[in-house]
Amino acid sequence: MTTTVARLIFNSIVPEKLRSDIPDDQPIGSQELKNVLQRVAEEHPEQYRDISFKLMRLGSKGAVETGSSFSMQDLESPIDKKKLLDEVSQRENDIFSDSKLTQEKKEDLLVKMYDKYSSKMPDLIFDASIKKGSNLAKMVASGARGNKSQLNSNIGADFLVTDQFNKPVPIGIKSSYTEGMSPAEYFAASYGTRAGLIATKFSTQNSGFLAKQINASAMDLLVTEDDCETKSGIPVSTGDKENIGSVLSKGFNGYSAGTIITNKVLQDLQKTGRPQISVRSAITCSASNGICSKCAGVRERGKLPALSDAIGLAAASALTEPLSQSLLSTKHSAGVANASKVTGFKAINSLFQVPDTFPDKASLSESDGTIDKIEQLPQGGFSITVGEKHHFISPEHEILVKRGDKIEAGDRLSSGMINPSDIVRLKGVGAGRLNLLKQIQDTFKENGINVSRKNAEVVTRAVVDHVKIVDADETDGYLPDDTVEYSSFSKTYKPREDSVYGDPSKSIGKYLEAPALHYTIGTRITPSVAKQLNDMEETQVLVSDKQPSFNPVMVRLMENPSYDKDWMSQLGTSYVQKNLKKNVISGDVSTDIHGTNPLPGLAYGKEFGKPPKGVIGY
Ligand SMILES: [Zn+2]
């Protein structure tokens, strides 16, 4: 075993089982430290104070005794920069001396060339500095200070920056801050600085607005029951560490339904080789007016949440707080070769706001069937035919299917970003929620933000929760075209007379009349739905031959509170005037000052926070 003295001291503080996932020859950086402390908090909260204190002392002592700082040598370029710059100027000369190129084309080629260097420099400089033993690079590696891009600006070269419109500035910045810049480089770099400043201001403003709306949608989700006793759950990969703290929705390999998943349970389940298990989730909870403690799972405080915990607000804050810390830097995001890909705040915002003109939108199949035709269009792009439906694929996107492929409505035909409201429309509320959950996790991760799955589940449950009534004869108390919350609609839903229990694989083409796994009422059973149900051992589902009398919809985040049953809760958002008028006209309104939404109680004032005995609310 190869290790260091410092690591042995660290090991003497942290019990072996809590650092089992960090090999002894791996350095402990801020991320590893964070993971260890998180595990202590979750698995041994009683030791947290002691361990964190000792680690803090170890850090202070280490800092004093080593006197770690950086030296002038650390500011010298760690690579042969002359060779690199000769290479660059050779390419510049090639581009400038080509008389066939227009000025515009020349600039374009220059920018692309600089962009290539710009994206590889941070790693190049960082790796070379580490090799040289630079303390500055060690600070970056440990996560203590700075990042690779900042190290590169200081001792390497930025090559390319973007202006505030995210357009690349076509002047190559070849000097580092340490070397000093030429006037032209300085002015080019100042565009990047300006873009950074503007992005910081806007990211605070935009992410603040998004956070406000996510909060408004999720704030009425309280823990209203201990156990809703649902049999539903979401399918998750067995190896996913985020399962720790969730509750099994079904018995698997000796562990019964209702078992809280600990590290040990998860390891045992992983050993069985089963690829997926199903766990209780905020997404599939059937508690009235909120979420039950079991479906919420063990959270930050290491135990199941107590009754009346405001987990909606906690989850919304956990998701949106990192957004406003302007972690979504725009610097170097020009990615000229990749200009159509939507990243950063814009991607995250689109997931929730689902705008009509969805950026970088992937094409999804509108119906079940076979890919009949793929034709190139004279104006650019492609047309893909599935049965009677034609789908346009824009020239920026790649086709991901071939002729003869069997597909289902809502399956992806091209690259690009999936509009979550399309999945809800084509595959149902349940599948739409699971898709949004995955998209939230992936998009945040791409932007360097780790969100806990349980928090993302709560927010997903809050934002994807609507159906639009088509036939009012079959839905008591609703009018055609009414958009209502699925969570309350499903409580009073009565299965239709022709409903029967059947094996999912023998029910293809029928519609669910009761929830199963994460699938919601009204979901059409397709071969892939049947397979997923069978894989998770859901052998009997309640189905009907008839199309449901409502359509699943994902409403824009901004309009979400407008569909709350409580008329006063609708006023805590935009569209106040519209909502007020709507309620005056309908006349059929009610409010509850001790309900799960804090707004009516706050407006009334006097009894806020003092609900009658036995009532869960504000
Ligand atoms: Zn529940």
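Me: What makes serine 237 count as exposed?
Reply: Happy to go through it. A residue is exposed if 12 or fewer other C-beta atoms, placed from the backbone, lie within 10 Å of its own, buried if 20 or more do, and partly exposed in between. Serine 237 has 11 C-beta neighbours inside 10 Å, so it counts as exposed. This is a predicted model, in which local features need pLDDT of at least 70, side-chain atom pairs count only at pLDDT 80 or more, and totals for chains, interfaces and linings use all residues. Residues are numbered from 1 along each chain as its sequence is written.

Me: Where is serine 237, and which residues does it touch?
Reply: Serine 237 is in strand S2 (residues 234-237); helices (H or I, at least four residues) and strands (E, at least two) are DSSP runs, numbered from the N terminus. Leaving aside residues up to four places away in sequence, serine 237 touches Pro275 and Gln276. Contact here means C-beta atoms, placed from the backbone, within 7 Å. Between the C-alpha atoms of serine 237 and isoleucine 155, 82 residues apart along the chain, there are 43 Å.

Me: Why is lysine 438 called partly exposed?
Reply: Lysine 438 has 15 C-beta neighbours inside 10 Å, and therefore counts as partly exposed. Its place is in helix H14 (residues 429-446).

Me: What makes H12 largely enclosed by the rest of the structure?
Reply: Seven of the ten residues of H12 are buried, and H12 is therefore largely enclosed. The buried ones are Phe345, Ala347, Ile348, Asn349, Ser350, Leu351 and Phe352. They pack against helix H8 (183-218), H11, H13, H14 and H15. Just after H12, valine 354 has a positive phi of about 30 degrees.

Me: How do you know that helix H13 is mostly covered?
Reply: In helix H13 (residues 420-427), eight of its eight residues are buried. Among them are Asp422, Arg425 and Lys427. The packing partners of the buried residues of H13 are helix H12 (344-353), H14 and strand S14 (550-553). Glycine 428 follows H13 and has a positive phi, near 105 degrees.

Me: How do the axes of H11 and H15 cross, and why is H11 called roughly perpendicular to H15?
Reply: The axes of helix H11 (residues 311-324) and helix H15 (residues 453-463) come within 8 Å and cross at roughly 110 degrees. That makes H11 roughly perpendicular to H15, since angles of 65 to 115 degrees carry that name, those under 35 are roughly parallel, those over 145 roughly antiparallel, and the rest oblique. Axes are lines fitted to C-alpha atoms, for helices over the stretch in contact, and angles run from 0 to 180 degrees between N-to-C directions.

Me: Which residues of H11 and H15 meet?
Reply: Ile311, Gly312, Ala315, Ala316, Ala318 and Leu319 of H11 meet Asn455, Ala456, Val458, Val459 and Ala462 of H15. By class, the contact of H11 with H15 has nine nonpolar, two polar and no charged residues. Ala, Val, Leu, Ile, Met, Phe, Trp, Tyr, Cys and Pro count as nonpolar, Asp, Glu, Lys and Arg as charged, and the others, Gly among them, as polar.

Me: At what angle do H5 and H6 pack?
Reply: Helix H5 (residues 103-132) and helix H6 (residues 135-142) pack at about 115 degrees, with axes 8 Å apart. Phe126, Ser129 and Ile130 of H5 make the contact with Leu136, Ala137, Val140 and Ala141 of H6.

How values were computed:
Two residues are in contact if their C-beta atoms, placed from the backbone, lie within 7 Å.
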